[in-house]
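This report is intended to be read alongside the sequence and the three-dimensional coordinates. Please keep both in view while reading.

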Amino acid sequence: MITTEAQARSFSAERCDERGLERIERFIEQLRDENSRQNLVSSASLDHVWQRHIADSLQILDHVPRETGTWLDLGSGAGLPGLVVALARPEQSIILVESRKRRIEWLRANISQFGLTNCSVEGSRLENVETRQVSIITARAFAPLGKLMDLSTRFSTRSTLWVLPKGRSAAQELAEQPPYVRAMFHVEQSRTDPEAAILVGQGRPSRT
Ligand SMILES: C[S@@+](CC[C@H](N)C(=O)[O-])C[C@H]1O[C@@H](n2cnc3c(N)ncnc32)[C@H](O)[C@@H]1O
């Protein structure tokens, strides 16, 4: 379990491509600055930014194969986890979905500034995003599992991988789902919070 900022930084460095850590350090500086203008993350969480946001985002990579197709991150907000993954691994093709205007501007400014050519923003509600098939779906603090599946099933195929950091409610949210959803997922322990878990699953939810 990661318990210190130093451990979280080192854990994150191990998951970054060349210069990824440098990009993330610059991103953290900008996040602190922007957070004084718009409420991207809780200000208290910035005291533990490596644990709470960076390592927490990058631990997702441990559940994703290196060679993969397009990644869809739902409700990216400040860029967690999607933009952090793109900063760590700029070769990964990733689409960030975010509906709030100032957050969209923040995400686009970072993509432009860091020259992330494989990362883009769908700046609208997920409900209005054109359907496409993706390899990976992530969502941190986006919606309860049932609603999340209802909104995003149309982007999935039988091989789509779902990695959903769910905090303390993971097992309970999964237990409340119908059997065909429960059968897709298992629960993984979070590396950054002893009480949190990540739902990892594969496939396209189907009643039949
Ligand atoms: C609680 S925040 C979490 C942000 C980020 N994933 C994180 O972990 O810090 C949820 C984000 O989802 C966005 N959001 C909520 N509903 C949405 C929708 N239907 N389509 C697109 N974005 C949505 C909100 O604007 C917000 O930025």
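## Basis of the model

The structure is a predicted model, in which local features require pLDDT of at least 70, side-chain atom pairs count only at pLDDT 80 or more, and totals for chains, interfaces and linings use all residues. Residues are numbered from 1 along each chain as its sequence is written.

## Overall fold

The chain contains 8 helices and 7 strands; helices (H or I, at least four residues) and strands (E, at least two) are DSSP runs numbered from the N terminus. Its C-alpha trace spans about 50 × 35 × 30 Å along the principal axes. A compact globule of 208 residues would have a radius of gyration near 17 Å, and the 16 Å of the chain agrees with this. That quantity is taken over C-alpha atoms, and the globule rule is 2.2 Å times the number of residues to the power 0.38.

Of the 208 residues, 43% are buried. A residue is termed buried if 20 or more other C-beta atoms lie within 10 Å of its own, exposed if 12 or fewer, and partly exposed in between, with C-beta atoms placed from the backbone. Among contacts with a separation of 6 or more, 67% join residues 24 or more positions apart; a contact requires that the two C-beta atoms, placed from the backbone, lie within 7 Å.

Helix α1 (residues 5–14) has Ala8, Arg9, Phe11 and Ser12 as its buried residues. Viewed down the axis of α1, these fall within an arc of 160 degrees and so line one face of the helix; the arc is that of the directions from the helix axis to the C-beta atoms. The buried residues of α1 pack against α2 (20–35) and α3 (49–58), while the face turned away from the buried side carries the exposed residues Ala6 and Glu14.

In helix α6 (residues 145–152), Leu145, Leu148, Met149 and Ser152 are buried. They cover an arc of only 95 degrees around the axis, which puts them on the same side of α6. An α-helix has 3.6 residues a turn, so residues three or four places apart point the same way. The packing partners of the buried α6 residues are β1, β4, α7 (170–175) and α8 (179–182).

## Surroundings of the ligand

There are 17 residues around the ligand, of which Gly75, Gly77, Ser99, Leu126 and Arg140 come nearest; a residue is near a molecule if its C-beta atom, placed from the backbone, lies within 6 Å of it. The shell comprises 7 nonpolar, 4 polar and 6 charged residues. In this classification, Ala, Val, Leu, Ile, Met, Phe, Trp, Tyr, Cys and Pro count as nonpolar, Asp, Glu, Lys and Arg as charged, and the others, Gly among them, as polar. An unreviewed UniProt entry places the feature "binding site" at Gly75, Leu80, Leu126, Glu127 and Arg140. UniProt positions are given here in the numbering of this report, feature names are shortened, and annotations may be inferred rather than shown by experiment.

Gly75 lies in the loop between β1 (71–74) and α4 (82–88) and is buried, with 22 other C-beta atoms within 10 Å. Beyond residues up to four places away in sequence, Gly75 touches Val97, Glu98, Ala139 and Phe142. Leu126 is situated in the loop between β3 (119–122) and β4 (136–139) and is buried, with 20 other C-beta atoms within 10 Å. With the same exclusion of residues up to four places away, Leu126 touches Leu74, Val97, Leu151 and Ser152.

## Two further buried residues

Glu98 occupies the loop between β2 (94–97) and α5 (101–113) and is buried, with 27 other C-beta atoms within 10 Å. Leaving aside neighbours within four places in sequence, its contacts include Gly75, Gly77, Arg103 and Val121. Glu98 and Val121 are 23 residues apart in sequence and 7.2 Å apart in space, C-alpha to C-alpha.

Leu31, in helix α2, counts as buried with 23 C-beta neighbours inside 10 Å. Not counting residues up to four places away in sequence, Leu31 touches Leu40 and Ala78.

## Backbone features

Most residues other than glycine have a negative phi, and most peptide bonds are trans. Leu80 and Pro81 are joined by a cis peptide bond, with omega about 0 degrees; Pro81 lies in the loop between β1 and α4.

Arg19, in the loop between α1 and α2, has a positive phi near 70 degrees and is exposed, with 12 other C-beta atoms within 10 Å. Ala141, in the loop between β4 and α6, has a positive phi near 55 degrees and is exposed, with 11 other C-beta atoms within 10 Å.
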